[in-house]
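Let's take a walk through this model together, from the meeting of its chains to the details of its strands and helices. Please have the viewer open as you read.

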Amino acid sequence: MVRQNDVSITAADDLGALVVCPSCDALYRMPKVAPGEDAICHRCHRVLAAPRRRAGMQIISLAAASLVFLVATLFFPFLKISAAGLHNATSVLDVVLAFTNRELALLVLFTAGCILAIPALRMGLLLYVLVPLVFDHPPRPGARAAFRLSERLKPWSMAEIFALGCAVALIKVKDLAQVEFGPAFWMFAGLVFLVLQVQRNLCSRSVWDALEQVPDRDIPAPLREHRT
Amino acid sequence: MSDRADVLTARDAGLVGCRDCTRAWPVTTEICPCCGSALVSRDSGSLQRVWAWWLVALICYVPANIYPMLRTSTLGSVSQDTIVGGAITLAEHGSYSVAAIILLASVVIPTLKFLAIAYLAISVARPASTRPRTQHLLYEMVEYIGRWSMIDVFVVAILSALVHLGSIASVEPGPASLTFALTVVFTMISAQSFDSRLIWDQLEDEKDDTLAP
């Protein structure tokens, strides 16, 4: 825990040892945070750093597994419906394509983006950034931009909201027909769980610290001199 | 809360904080040398963007409530449900908890979100009462809960893909599904445009006032 911030911080301080709360601009000297502990902003309670033991390896495995689930979810039936002898099985791909036959194409893109493309992109970006770091290789070109994009996409990844939407949809049609879960539903539930686990293990300050150890070609040379 | 008034901010220290990687740099730095994102000590255009997106979202919210969200045809009869109408139908069928979820996600949360963003933007521009703790909590709730409003759009997507049983039953999305999705997106962007550091600046302005002779 960051208890009190040190008011004696001067410009001569090593800038790399400081941390600024992105929510309220409070300035702190970065404390030693042991794995499993959280550094929390004293006044707005935002988590500033939350390193976890062996987080890199765990995130890589979780992200890779979630990509496998995601691809499987696409093709297997998600929900099955039957009424009066008629059956229909729906895969996630069908849900996305449901809007194509009208002017609501924008909604298709949006739904597909939030439940499939953005979660997939985020997991892919995390793998791209973290695999070289965990295996002690230099970061890939554009790793910093990739990680920044991944962090900014976080609120737009809506797989867990879609999962709750499934439950509501089931109840809405239960008078109309019998509905049962297909195999893809359970894979999707697994995907939601894995994505949440990735989130729990990911400490962005730790990733930035690791990325900063190595010079990056993305950053113009004159700016590098600020680095201490 | 005297303990919070003496918190040193990056701006006070002549530094600028990066909102992506939480690093501190001299205040003249324009691009974060660590992560490459643009640095601003306070986002002066923040409130303008908040209001612009807020207004667009409000404009989209009107047709989202007037036009039907779902068009259900069962055995020859076609029924069209708006957001509120759909929740009422659910309640009539006895699914009170689901009706409550839909009402909460599609009516209560968006309405409160509009009010909350407006309150934050107004109170930051005219710091009269300074309650940054409450305001920050409100802001975090808006950011966290706002995206859950998408649930109704996803329900429409699932139903229209699933319920294709020929003449027995079929469901099609209505025009409100698009405008409601846009409402949620625009309020999310509006909330993200808000620079929450402005909330805490009120404390320092107050501190400066009391210190002034």
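What follows goes from the interface to the sheet, the hairpin and the helix pairs.

This is a predicted model, in which local features need pLDDT of at least 70 and side-chain atom pairs count only at pLDDT 80 or more, while totals for chains, interfaces and linings use all residues. Residues are numbered from 1 along each chain as its sequence is written, chains are lettered from A and ligands numbered from 1 in the order in which they are written, and side-chain values use heavy atoms, with hydrogens and water left out.

Let's begin where the chains meet. In chain A, 73 residues are in contact with 72 residues of chain B (contact means heavy atoms within 4.5 Å). About 6,600 Å² is buried between chain A and chain B, and carbon and sulfur atoms give 69% of that area; buried area here is the accessible area (1.4 Å probe) that two parts lose on being put together, summed over both. Asp25(A), Arg43(A) and Lys172(A) supply 12% of what chain A buries against chain B, more than any other three residues.

One helix pair spans the two chains. The axes of helix 5 (residues 159-173) of chain A and helix 6 (residues 151-162) of chain B come within 8 Å and cross at roughly 55°. Helices (H or I, at least four residues) and strands (E, at least two) are DSSP runs, numbered from the N terminus, and axes are lines fitted to C-alpha atoms, for helices over the stretch in contact, with angles running from 0 to 180 degrees between N-to-C directions. Helix 5 of chain A and helix 6 of chain B are therefore oblique to each other; angles under 35 degrees count as roughly parallel, over 145 as roughly antiparallel, 65 to 115 as roughly perpendicular and the rest as oblique. Among the residues making this contact are Phe162(A) and Lys172(A) from helix 5 of chain A, and Phe154(B) and Ile158(B) from helix 6 of chain B.

Now turn to the strands. Chain A has an open sheet of three strands in the order 6-5-7, with antiparallel pairing (two strands pair if DSSP finds at least two bridges between them). Its edge strands are strand 6 (86-90) and strand 7 (178-181) of chain A, each pairing on one side only. From one strand to the next, the twist averages 15°. Strand 5 (residues 79-83) of chain A is joined to strand 6 of chain A by five bridges, and Leu79(A) has Thr90(A) as its bridge partner there.

Strand 3 (residues 70-74) and strand 4 (residues 77-81) of chain B run antiparallel and are joined by five bridges, with Thr74(B) partnered by Ser77(B). Two residues lie between the strands, and Leu75(B) takes a positive phi near 45°.

In chain A, the axes of helix 4 (residues 143-152) and helix 7 (residues 204-212) come within 11 Å and cross at roughly 170°, which makes helix 4 of chain A roughly antiparallel to helix 7 of chain A. Phe147(A) of helix 4 and Trp208(A) of helix 7 are among the residues that meet. In chain B, the axes of helix 3 (residues 83-92) and helix 4 (residues 96-125) come within 8 Å and cross at roughly 165°. Helix 3 and helix 4 of chain B are therefore roughly antiparallel too.
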